[in-house]
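This report describes a protein with its ligand, the spaces inside the protein, and some backbone details. Please look at the sequence and the structure before reading on.

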Amino acid sequence: MWDQVQKTVSYIKNKTNFIPEYGVILGSGLGSFTDDLQIEYTLPYDTIPNFPVSTVQGHKGALVFGTIGDKRVVAMQGRFHFYEGYSMKEVTFPVRVMKYLGITQLIVSNASGGVNPEYKVGSIVLIKDHINMAPEHPLRGKNDERFGPRFVNMSEPYSKKMIAKVKEIALDLNIEIHDGIYLGLQGPTFETLAEYRMVKILGADCVGMSTVPEVIVARHMGLETFGISVITDMGDEESITTISHDEVLEAANKAEPDVRQLIRELILHY
Ligand code: HPA
């Protein structure tokens with residue numbers, strides 16, 4: 001794995017000498033964030049050695065390198081999900097690559113289902129913690145100390161400093177935000193009513209099929225991490241909404257300008 005990562009990093013460094021400081025993973029319907037970048041170089045996933053190729057509708061597959069002001073960013077336009085058939089090591093491979101391209105901060109976005117009755121479709125949630133209920137762990141197996149320690153401290157998976165900064169920004173911009181706990185399941189089915197109830201009972205505010213593995217691997221390597229989620233449907237019994245992938249994309253698209261602005265300002269002013 002170490003050699004594969006370093007080989008991929010060398011390949012990319014031969015293509016561009018751009019050294020990013022921020023990595024951004026763009027979730028469902030949030031891909032237009034790259035419009036905020038002064039793009040310097042785009043690398044389609046299918047040209048990058050060892051990279052998986054995205055299969056989900058609405059996810060483009062490319063690494064996009066560019067600047068926001070004087071900050072240097074690499075964005076993953078499209079991510080890999082466990083439900084697509086990849087192993088958790090494959091899902092998180094790009095995070096390892098971004099680390100060795102130079103990032104020190106990782107920003108992750110996603111769409112999720114809300115179970116906190118204070119949320120509604122379109123709510124923006126700053127992820128303050130997560131519950132990992134995925135069936136495979138990205139760090140399972142022999143640990144390579146060059147990446148990070150065997151036992152990873154997860155007492156602050158989501159940077160309190162970055163969350164505080166975004167709260168300030170949201171106040172300034174008059175964007176309504178919540179914070180909450182994200183529970184990660186494998187998908188690809190959306191939750192049954194009983195499963196949404198379980199999510200709530202377990203103490204989470206929203207549920208989705210991504211983010212947790214990437215954040216675990218980011219923390220393994222000591223990256224400072226920030227997560228943001230758009231509620232695209234409600235699983236709360238009183239306010240349950242029907243859900244299809246198109247509806248998820250539609251709701252995510254509506255919140256997109258605000259999420260984009262929050263991430264942009266975070267990168268500019270952090
Ligand atoms: N459950 C899981 N993943 C999701 C949901 C959901 O309700 N909405 C968007 N992604």
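## The ligand and its shell

The ligand is surrounded by 13 residues, and the closest are Gly113, Glu191, Tyr196, Thr232 and Asp233. The model is a predicted one, in which local features need pLDDT of at least 70 and side-chain atom pairs count only at pLDDT 80 or more, while totals for chains, interfaces and linings use all residues. Residues are numbered from 1 along each chain as its sequence is written, and side-chain values use heavy atoms, with hydrogens and water left out.

By class, the shell around the ligand has seven nonpolar, four polar and two charged residues. In this scheme Ala, Val, Leu, Ile, Met, Phe, Trp, Tyr, Cys and Pro are nonpolar, Asp, Glu, Lys and Arg are charged, and the others, Gly among them, are polar. Strands E5 (105–114), E8 (206–208) and E9 (224–234) each supply at least two residues of this shell. E5 gives the most, with three residues. Helices (H or I, at least four residues) and strands (E, at least two) are DSSP runs, numbered from the N terminus.

## Polar contacts and burial

Glu191 has a polar side-chain atom 2.5 Å from a nitrogen atom of the ligand. A backbone N or O atom of Gly113 lies 3.4 Å from a ligand nitrogen atom. For Tyr196, a polar side-chain atom lies 2.7 Å from an oxygen atom of the ligand. The ligand taken alone exposes 260 Å², and the protein buries 96% of that; these areas come from the Shrake-Rupley method with a 1.4 Å probe.

## The largest pocket

The ligand takes up the space of the largest pocket, where sitting in a pocket requires more than half of a molecule's atoms to lie within 2 Å of its grid points. On a 1 Å grid over the protein atoms alone, a pocket is an open set of points with protein on both sides within 12 Å along at least five of seven lines, a cavity is a set where a 1.4 Å probe fits but cannot get out, and lining residues have an atom within 4 Å of a point. The pocket holds about 340 Å³ of space, a volume being the space filled by probe spheres set on the points, which are joined across faces, edges and corners.

Its lining has 24 residues, with Ser28, Tyr83, Ala111, Phe190 and Met209 nearest the centre. E5 provides the largest share of this lining, four residues. The lining contains ten nonpolar, eleven polar and three charged residues.

## Cavities

There are three cavities of 30 Å³ or more in the structure. The largest cavity has a volume of about 70 Å³. Among its 14 lining residues, Phe82, Met88, Met209, Ser210 and Pro213 lie nearest its centre. Helices H2 (88–101) and H5 (212–220) are the elements that give two or more residues to this lining.

## Backbone details

Most residues other than glycine have a negative phi, and most peptide bonds are trans. Gly187 and Pro188 are joined by a cis peptide bond, with omega about 0 degrees. Pro188 is in the loop between strand E7 (178–184) and helix H4 (193–201). Asn174 has a positive phi, near 60 degrees, and lies in the loop between helix H3 (160–173) and E7.

Terms used: A residue is near a molecule or strand if one of its heavy atoms lies within 4 Å of it. A polar contact is a pair of N or O atoms within 3.5 Å; within protein, one must be able to donate a hydrogen and the other to accept it, and residues adjacent in sequence count only if both atoms are side-chain atoms.
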